[in-house]
Amino acid sequence: MNCNRGKPRSGQEKLNRSIAILILLVAPVWPLLGQMPDAPAPAKDNSVGSRNGYAGDEACSACHQEKFEAYLGSAHHIASRLPSQTSIDGKFTPGSNILRTSNPYLYFVMSATKEGYFQSAVAKLPPVETISHKERFDLVIGSGRKGQTYLYWKGDELFELPVSYWTETDQWMNSPGYPDGLPNFDKPIIPRCLECHTTFVGSLQPSLNRFDKTSMVLGITCEKCHGPGRNHVARNQSKIPLRAGETEDIVNPASLSRDRQMDLCALCHAGPGTPRAPAFSFSAGGVLGQYLSIADDAPDNPADVHAHQFQQLRSSRCFRASNMTCTTCHDVHKPQRDAASFSEHCLTCHRVESCGEYSTMGSQILRSCVNCHMPLKQSNQIVFDAAGSQIKPRVRSHRIAIYKETQRP
Amino acid sequence: MIWLLAFQLSLPPQQQHYDNAKDALAKMQFGPADAEVNLALRADPNYVPALILKARLALFAHQPDIAKSCLIKAVIVDPSSESAQFFLGMFFYLQNDFSLGISPLEKARALSAKDPLPPFYLAMSKEAMGDGAGALQFYQEAEALSPEKTPQTASILVAHGRLLYSLGKFDESIAKDQLAIEADSQSRDAFYERAKGLEHQGKYQAAVADGERALTLPELGTSDSQIHFLLGNVYLRLNQPDLAAAHLAKFHAAPQTTQR
């Protein structure tokens with residue numbers, strides 16, 4: 001199946017640009033350009049386009065309350081939310097709710113009213129004509145750690161709003177991929193975008209950005225990584241023990257092989273890739289290569305720091321020389337914000353005395369492994385066109401290496 | 001419905017496309033508006049309303065060459081079109097070609113004596129050319145033709161007040177700004193200009209109030225950095241160095257631009 005079959009090349013390129021929207025977060029995506037072979041058989045009873053077999057977070061929280069409550073504060077959990085005063089990080093107060101553009105005749109205003117939250121493009125056509133276009137914030141995409149972008153519904157079609165929020169500068173910003181100075185509201189959201197920013201949404205045909213709103217499961221919930229859990233819940237509620245030869249009804253990623261563990265993270269942390277199967281058909285424990293073709297980290301075309309953690313880590317000597325996975329350092333069940341605290345994971349294999357800087361800096365480098373060996377680097381994939389200039393945010397490199405340019409802590 | 005459909009089908013194609021373009025523009029769909037106006041001009045390359053609309057779209061999209069060629073063609077095709085003459089004059093004003101704008105604006109003024117916009121742009125052009133007396137005369141005319149309390153009236157009053165300020169007539173300038181605020185309570189320019197006048201008169205607290213209010217208004221025109229600069233200086237005079245420093249820091253942090 002080819003999602004873009006029959007579309008002219010220019011349409012594909014337009015879609016290409018549209019993907020940059022969701023780049024604010026952990027998992028950008030790219031257009032679905034490639035030929036999709038037949039989808040592999042869905043794992044368990046998670047049929048594509050439905051939520052069969054899923055139980056929902058509430059069912060998980062009953063038995064796994066501690067993990068669940070910690071997870072509520074994680075960036076994954078709030079990868080997508082409904083708009084509210086707390087979920088939208090941008091300011092609506094007068095004076096802070098305006099985004100001026102490089103076009104002297106155009107600005108955007110963000111407003112909070114009893115009817116909801118809105119973005120308005122206001123154009124002043126000389127001499128005195130004012131025209132405007134207003135759309136509602138319907139979905140908030142992004143935890144706000146880097147930034148947020150916002151989506152709106154037009155019927156059952158989903159589009160990106162032209163103004164995003166960028167945390168580093170605490171200001172509204174032209175959404176990535178939208179040209180600065182134009183009042184466009186026309187960037188469609190394709191399923192691959194939502195595959196990484198929601199747990200599930202059913203697609204409607206024929207349009208690529210039409211979805212069944214009622215099926216949407218916001219945030220990255222437990223079952224995104226653990227697979228559908230209805231049978232697991234039922235079994236445990238009925239207290240029926242597993243019989244000999246039976247396997248658990250739930251996926252424990254920690255018990256998967258290294259490759260399958262990496263596949264699970266790579267679904268959203270290896271770039272958009274080229275889909276080989278419909279979005280949301282991959283299930284935890286599956287072989288990602290059957291669903292998604294992932295670009296390699298070629299020496300002449302290294303993976304961007306943003307959202308290519310999988311390729312970057314895989315090219316690192318630490319990864320090749322060990323059995324490490326993403327969860328060697330990351331505990332996805334809880335928020336992890338302090339880069340310095342990750343150093344302790346490095347020191348399970350490395351001795352601090354072996355660092356070349358140890359002789360001059362002593363023990364103060366104990367918490368600096370990440371800052372030097374996984375520095376923040378500018379992304380070339382996320383580019384904001386803002387007020388006539390381009391802004392490229394810095395993202396943590398996941399290629400663990402000795403960087404000559406990094407400064408001492 | 002059938003009558004409406006029949007009426008629409010009876011329209012010449014250039015007008016149908018022109019109407020579609022206007023509808024698209026009203027919905028802020030610049031791409032479709034441009035496409036429709038091109039279709040209108042394909043149906044009739046001399047269709048003046050479409051030429052003017054295309055020029056306005058081009059101005060919005062930073063394409064002054066296209067705007068200019070459309071407007072020149074429009075006045076050649078129909079020299080009696082007040083809109084064509086006015087928009088050509090306005091175009092020259094926006095491009096800082098003030099002397100070139102005078103003639104079409106004069107023609108527009110003659111063609112539509114009750115429209116305040118031609119004298120308004122004549123006033124601003126005269127002011128830009130250093131003819132203060134001529135500018136004041138046209139500002140008064142524009143004001144007289146625009147008695148309603150609208151943003152357009154506020155724009156005329158603010159520009160008039162700004163000229164009075166530059167001529168040292170601060171009381172009159174503040175009075176114009178006051179009228180502008182009454183005409184449009186969301187006029188950022190009016191609050192900023194009144195703050196400037198009040199600062200000059202030593203009424204710093206009132207100037208601060210107007211400046212802070214201006215910062216909260218979204219209108220285009222006066223930039224944030226202009227207001228921060230004003231507030232920084234006024235807070236210094238009020239012996240509030242922290243607030244002054246904060247505003248001046250924002251002024252310095254603003255992107256350096258030649259755009260006002």
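Ala, Val, Leu, Ile, Met, Phe, Trp, Tyr, Cys and Pro count here as nonpolar, Asp, Glu, Lys and Arg as charged, and the others, Gly among them, as polar. The model is predicted: local features need pLDDT of at least 70, side-chain atom pairs count only at pLDDT 80 or more, and totals for chains, interfaces and linings use all residues. Residues are numbered from 1 along each chain as its sequence is written, chains are lettered from A and ligands numbered from 1 in the order in which they are written, and side-chain values use heavy atoms, with hydrogens and water left out.

**Stop 1: the interface**

Select chain A and chain B. Contact (heavy atoms within 4.5 Å) joins 25 residues of chain A to 25 residues of chain B.

**Stop 2**

Select R56(B) and E129(A). They form a salt bridge, with the closest N and O atoms 2.8 Å apart. A salt bridge needs a side-chain nitrogen of Lys or Arg within 4 Å of a carboxyl oxygen of Asp or Glu. The count between the two chains is two.

**Stop 3: the strands of chain A**

Strands (E, at least two residues) and helices (H or I, at least four) are DSSP runs, numbered from the N terminus. Select β2 (98–100), β3 (106–113), β4 (116–125) and β5 (129–136) of chain A; each supplies at least two residues of the side that touches chain B. β4(A) gives the most, with five residues. Colour that side of chain A by class: 16 residues are nonpolar, six polar and three charged.

**Stop 4: the cavities**

A cavity is a set of points on a 1 Å grid over the protein atoms alone where a 1.4 Å probe fits but cannot get out; lining residues have an atom within 4 Å of a point. A volume is the space filled by probe spheres set on the points, which are joined across faces, edges and corners. The structure holds three cavities of 30 Å³ or more.

Select Y54(A), T199(A), K224(A), F280(A) and F282(A), which lie nearest its centre among 14 lining residues. By class, this lining has seven nonpolar, three polar and four charged residues.

Next, the second largest cavity: about 70 Å³. Select E195(A), P275(A), A277(A), A279(A) and Y291(A), the closest to its centre of eleven lining residues. Eight of the lining residues are nonpolar, one is polar and two are charged.

Notes: On a 1 Å grid over the protein atoms alone, a cavity is a set of points where a 1.4 Å probe fits but cannot get out, and a pocket is an open set with protein on both sides within 12 Å along at least five of seven lines; lining residues have an atom within 4 Å of a point.
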